[in-house]
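Dear colleague,

Please read them alongside the model itself.

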Amino acid sequence: MYGYIRVGNLYPDLALDQINEKVFGKLVGKLINLTFFIWSFSTSSETIYYVGNFIETFWMPDTPLLALNILLAAVVIFTVRLGLEAFTRTLEIFFIPVLLLLTVFLISIIPESNIQNIQPVFEDGAKPVIRATLFYVSVFTLSPVMFLMIFPSKVSERKKGGKDFYIGTLIGGIILILVIMLDILVLGPDTTARNIAPSYTMAKKINVGNFLMRIEAIIATIWIITTYTRAVMYFYVSVVVFSNIFNIKDYRPFTTL
């Protein structure tokens, strides 16, 4: 994260695609931005597909996947057309409730964990673990690069924005580590690896005093909200980068092309 913040502070008035053109020149910079557009757009489409596939598999098996994907894509497009400010203010409303519900979920599932599911440790040596960890860390640390399209050029309090960059990444990393660890402790490594929604399956096992149970729908809703956020960010970045490649100031017409 330090590298991203450092790059942003070097060019505080430019977005990432503009930095690419300034550093590498117009031609090479636009080629780099084109790959950036392809990556962000394809990731946004992939995220929408995952949500639609989840809803079809677990909730609405008789509904065509295409219909679900069109509906989800329409919501993402509508959000991007409304603008970044409206989207971020909506996230401020959802942040605390989502964080509280996730905390309750993680605490409630602890009694169902079994330490034997992670044994034996280093059965095949340290190399497979290190290799998998490095791959996961590389994927996890690549995604925040898209925030350089916003930070610091569109942030009013830049110093505070850099601090929030660190805090947000730290919170996200801790949540991912805890969820993955509990998935393995509760379901076991084989079930976790083969299940398309291990956290949803894990939530079905929650039973606190025969009162707090069957909350998997709440967990799925949280996952859909957070995944929707990811899809919107990637789609916003893709259309902004695409419009800037052709020197068009307003990105909104490209949202429906």
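**Salt bridges in the model**

Asp250, at a relative accessibility of 39%, counts as partly exposed, and its side chain meets that of Arg252 in a salt bridge, with a distance of 3.7 Å from N to O. Arg252 is likewise partly exposed, because its relative accessible area of 29% lies between the 20% and 50% cut-offs. Please keep in mind, as you look at this pair and at what follows, that the model is a predicted one.

Elsewhere, salt bridges that share partners join Glu21, Lys26 and Lys30 into one network. Glu21 takes part in a salt bridge with Lys26, at 3.3 Å from N to O, and also in a salt bridge with Lys30, where the closest N and O atoms are 3.3 Å apart.

Lys30, with a relative accessible area of 21%, is partly exposed, since the buried class covers values under 20%.

In total, the structure holds four salt bridges, among them the ones described above between Arg252 and Asp250, between Lys26 and Glu21, and between Lys30 and Glu21.

Definitions and conventions:
Residues numbered from 1 in each chain as written. Predicted model: local features only at pLDDT ≥ 70, side-chain atom pairs only at ≥ 80, totals over all residues. Heavy atoms only, no water. Buried < 20%, exposed > 50% of the residue type's maximum accessible area, 1.4 Å probe, protein only.
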